Amino acid sequence: MTPLVRLSGASYAYEDGPPVLSGADFAIAEGRSLALLGRNGSGKTTLMRLLSGGLRPVSGTLLLDGSPVTYDRKGLTRLRSSVQLVVQDPDDQLFAASVEQDVSFGPMNLGLPREEVRARVDAALAALDITALRDRPTHLLSYGQRKRAAIAGAVAMRPRVLILDEPTAGLDPDGQERLLEVLAGLSGTTVVMATHDVDLAFRWADDAAVLTPSGIRTGPAPQLLSDPDLLVSARLRPAWSPVVAAVLRAHGLLAPGATGPGTPQALAEWQAGTASGTGGADAVGDAVRDANLG
Ligand SMILES: Nc1ncnc2c1ncn2[C@@H]1O[C@H](COP(=O)(O)OP(=O)(O)OP(=O)(O)O)[C@@H](O)[C@H]1O
Ligand SMILES: [Mg+2]
């Protein structure tokens, strides 16, 4: 299947800087959540800006639905009606006086009828659970609320791909969970997220892309993020879940091939369940698997 967005043989360097990407191939498959991981300065933001047309590769090609993107007004409009980037700092994204004005800006710029703009804004505010903040000045919102408002502005564009640069950074644990729920509820939108959080990527993403000094490694998230050597080479922490699953398996507490708990909370819930009296490794394995799903 043709990837929705693809960078082919792309190289990029900032003026007077060393190459950030050299001959990189990178694809976003429709319908598969994708986590982009890498240490500070590894090129996550640069890659996201290349994918959303904010930067133009020095060599190589950006393709949308298999056809090359042109960097004129028409080409960039075509790209941006499919691909929306939300930058890391909401203060770089928000600019209008109120939340509603900010979220309406993009749809209004598309030249949509007033009722359609209104419907999109209502839906985006509801999706991000910020309807109550509609008339509030953006600069008086909390950081987490500003993050949500910035994402709502992109959601209101109804993109096919939503690219989020570190959307969970600076959010408290509850805020992170709520954001993941919001993203799961965006049916029909493929979400790409940059993060340093290997554990979050492990349990959220279908696919992962890890930026290493020797290039970008991509693959299904459970496999890629269970590879300690790869994570070390990218200077990332090992993921928690596969380590715990390996320990549980070694003690006969998890069936081979079964998925372990995704979070410490899921492990604690399983522990509480077993303490109240289930027996046998199979039952425990089932319990762990259930805990992971829950
Ligand atoms: N506007 C710029 N001008 C010059 N160099 C830049 C610019 N933006 C980024 N760089 C350089 O490009 C490299 C990649 O930076 P980038 O911001 O893409 O990394 P990142 O993975 O997003 O990092 P972080 O985790 O800190 O956000 C870094 O070496 C950085 O110093
Ligand atoms: Mg960055």
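**Helix pair and sheet**

Reply: Helix α3 (residues 99-109) and helix α4 (residues 114-127) have axes that come within 9 Å and cross at roughly 130°. Axes are lines fitted to C-alpha atoms, for helices over the stretch in contact, and angles run from 0 to 180 degrees between N-to-C directions. Helices (H or I, at least four residues) and strands (E, at least two) are DSSP runs, numbered from the N terminus. The model is predicted: local features need pLDDT of at least 70, side-chain atom pairs count only at pLDDT 80 or more, and totals for chains, interfaces and linings use all residues. Residues are numbered from 1 along each chain as its sequence is written, while chains are lettered from A and ligands numbered from 1 in the order in which they are written.

Me: Which residues of α3 and α4 make the contact?

Reply: Contact requires C-beta atoms, placed from the backbone, within 7 Å. Glu100, Val103, Ser104, Pro107 and Met108 of α3 meet Val117, Arg120, Val121, Ala124 and Leu125 of α4.

Me: What is the order of the six strands in the open sheet?

Reply: Strands of a sheet pair through backbone hydrogen bonds, either parallel or antiparallel. Here the order is β6-β7-β8-β3-β9-β10, with mixed pairing; two strands pair if DSSP finds at least two bridges between them. β6 (83-86) and β10 (215-220) are at the edges with a single partner strand each, so one side of each lacks a neighbour in the sheet. From one strand to the next, the twist averages 15°.

Me: How many bridges join β6 to β7?

Reply: Four bridges link β6 to strand β7 (residues 161-165), and the two run parallel. Leu85 has Ile163 as its bridge partner in β7.

Key: Contact = placed C-beta atoms within 7 Å.
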